[in-house]
Amino acid sequence: MPTSFSPVASQGLARFELLMAFVRREVGVRYKEAYVGVAWAVLQPLAYMVIFTLLFSRMGKLPGSGPLVAYVALVPWIYAAAAIGQSSQSVLGQLGIVSKIYFPRSVLPLSSILAAGLDALIAFVLQLVLMLALGVRLAPTLLLWPFLMLLTGAICLGVSLILAPAIVRFRDLRYIIPLGLQLLLLASPVGYPLDAVPRHLRGWYQLNPFAGLLESFRAIALGGHLPRLDHLLPAVVWAAGLMIVGGCFFRAQEATLADYV
Amino acid sequence: MSGPAIVVENASKRYYLGARGGLRHLGRELLGGRRREELWALRDVDLELEPGRSLALVGPNGAGKSTLLKLISRVTKPTRGSVRVDGRLSSLIEVGAGFHPELTGRENVFLNGAILGMSRREIARRFDDIVAFAELERFIDTPVKRYSSGMFARLGFSVAVHTDPAILLVDEVLSVGDARFRRRSYERVQQLTREHRTVVVVSHQMSMVRRLCDRAVMLEAGRVTCTGTADEVASRYEVALRPHTLVEASVGDPQFQIDILDIRRADGGRNLCTGDEMHVRCQVERQRGSDRAVLTLSLNRVDGLPVLLARCPEPLPLQRTIAEVSFPLLAAPGSYYLHVSVRDPGEPESIHEDVCAVVNIGGEDPYLSAATITIPAKWIVT
């Protein structure tokens, strides 16, 4: 029975399905044989939310809607940390398959990025529930959330396309990356708003793509207005640059990844 | 489809030996100074295979056969030269490599099928065939980590041969599972060759090479040393190995020393075939050491399973002696390791000394190769 697709289209379809198979595998495996199972996808951000709420309500420094200020930025941040953390390890973790079967290697980092997105989606639903519970109006600008996430995902993918092959050669990166992510957290407005950064440092601070990006997440959720262009620009530039550099680097490396078992 | 299915042009593959990592190596690699010791697994290999033909890669261990399969399957690319492949390729190299232990058999069939390039619809359509061929209907919803190694291999093999490949690469996997499954997988590959799929087989069993393949290439130390019809090359390979090659003389207990002097047929011929009387002559020396030690002989399959065992009833005398042993060669055709060792009777772990040679046992009937031993049976047909 010949398929009705042209060869190119059916190859594209097979590649997409391969990507989905890896996403399913990653999501399916994650909570297997844990007693609470998939509920962890909800419990984790919930726990973060409670911790941050307690922490910041005590300090009482944040303007605006209290716990939500932290949580709204926390959702994309946890996503970015998980996506980069898992995606950069994705090739190393699957080296067993990579060294035995050929398949387009790029599905490995990409599937990790997508799988982490599923958790972010659950956390976002939780965010909406929380906003309703706290009596915050759901602004129409919230519809921009997927686009901001796409931008976040693009940055993470670009970083991972560089880190995933690099980590296979330089295993030391396995220990450096979590450290780097911790530092990046401190340098990003997750636990504090961007306004809290001293004015004379803000130029440097905004070189971090997450600075303006997380602020934009706050703007669409709590401010009810569109993200500021000068907040988005660094993120867009970073995303484009990282995707191009990462894409080229990954292409150059992917054919010989199997040699580094 | 026009043009060859596989073209390998002037391909060489370099690997580096030794461990990576450590500050010493970092400095060295960054400065670009002395590199690690290198090994050319393949050198200037040229190969062309028309669609629908089958090719065997033969050669001793470490000759580069598996590396060549990796290049053809695009797992890695050659250091120099090029490899071009036209058509969907499926490889029976370490079947089940893509399985995730936590996922069930069913989930793994879909995952593995996708990795091998099948669409979900294709997999769904062939799912029942895959499971039926692997004979795992009852266990298909069990996580594969609870599978036995045989079940695991059967499922992996079954997915790989059901991908409807235009090109199939086979690396000694026809030795997975029990004898019955081995025969069925052999027949399945044979059927694929008859359906004019392009097949590349790596095998040490010359009987299989002759039955499955049109052409063969012999590799030695990374170079192609002989190309021709499967029969020609298989014969060349058998001659190259005949009568036996010493694998290793293990340095065991210094009080004992064994040297295999000769392996041949009892009637003096050098060709060994299933059913022949085999004759092994060795020189044994005991200086002091255990005075209970006896000489034993075992013929092991390539996977290590002892097929024939014989033990000398007399303990070794305290001197240099010549030991000769004859026995009917009941082992099925194939390659074997012949071990001559000195051990204390009753203590399975006590090996004082052990030497090993590769022995090739001929026989044209691949049906016999599916067995482990053949027996001299009395037939009465009336």
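The notes below cover a sheet, a hairpin, a helix pair and a chain contact.

This is a predicted model, in which local features need pLDDT of at least 70 and side-chain atom pairs count only at pLDDT 80 or more, while totals for chains, interfaces and linings use all residues. Residues are numbered from 1 along each chain as its sequence is written, and chains are lettered from A and ligands numbered from 1 in the order in which they are written. Helices (H or I, at least four residues) and strands (E, at least two) are DSSP runs, numbered from the N terminus.

**The sheet in chain B**

- Six strands of chain B make an open sheet with mixed pairing, in the order β5-β6-β7-β3-β8-β9; two strands pair if DSSP finds at least two bridges between them.
- Its edge strands, each pairing on one side only, are β5 (89-92) and β9 (223-229) of chain B.
- From one strand to the next, the twist averages 15 degrees (axes are lines fitted to C-alpha atoms, for helices over the stretch in contact, and angles run from 0 to 180 degrees between N-to-C directions).
- Within chain B, β6 (residues 167-171) and β7 (residues 198-202) pair in the parallel sense over five bridges, and Ile167(B) stands opposite Thr198(B) in β7(B).
- Helix α6 (residues 179-194) of chain B lies across β3 (54-58), β6 and β7 of chain B, at about 140 degrees to β7(B).

**The hairpin in chain B**

- Strands β13 (residues 294-301) and β14 (residues 306-315) of chain B run antiparallel and are joined by six bridges.
- Ser298(B) stands opposite Leu309(B) in β14(B).
- Four residues lie between β13(B) and β14(B) in this hairpin, and Gly304(B) in the turn has a positive phi of about 100 degrees.

**A helix pair in chain A**

- Helices α6 (residues 145-169) and α9 (residues 209-223) of chain A pack at an angle of about 165 degrees, with their axes 10 Å apart.
- That angle makes α6(A) roughly antiparallel to α9(A) (the term covers angles over 145 degrees).
- Trp145(A) and Leu148(A) are among the α6(A) residues that meet α9(A), where the partners include Pro209(A) and Leu213(A).
- The residues of this contact of α6(A) with α9(A) divide into eight nonpolar, two polar and no charged (Ala, Val, Leu, Ile, Met, Phe, Trp, Tyr, Cys and Pro count as nonpolar, Asp, Glu, Lys and Arg as charged, and the others, Gly among them, as polar).

**Where the chains meet**

- The contact takes 25 residues from chain B and 22 residues from chain A (two residues are in contact if their C-beta atoms, placed from the backbone, lie within 7 Å).
- Helix α3 (residues 105-115) of chain B gives the largest share of chain B's side, five residues.

Note on methods. Angles under 35 degrees count as roughly parallel, over 145 as roughly antiparallel, 65 to 115 as roughly perpendicular and the rest as oblique.
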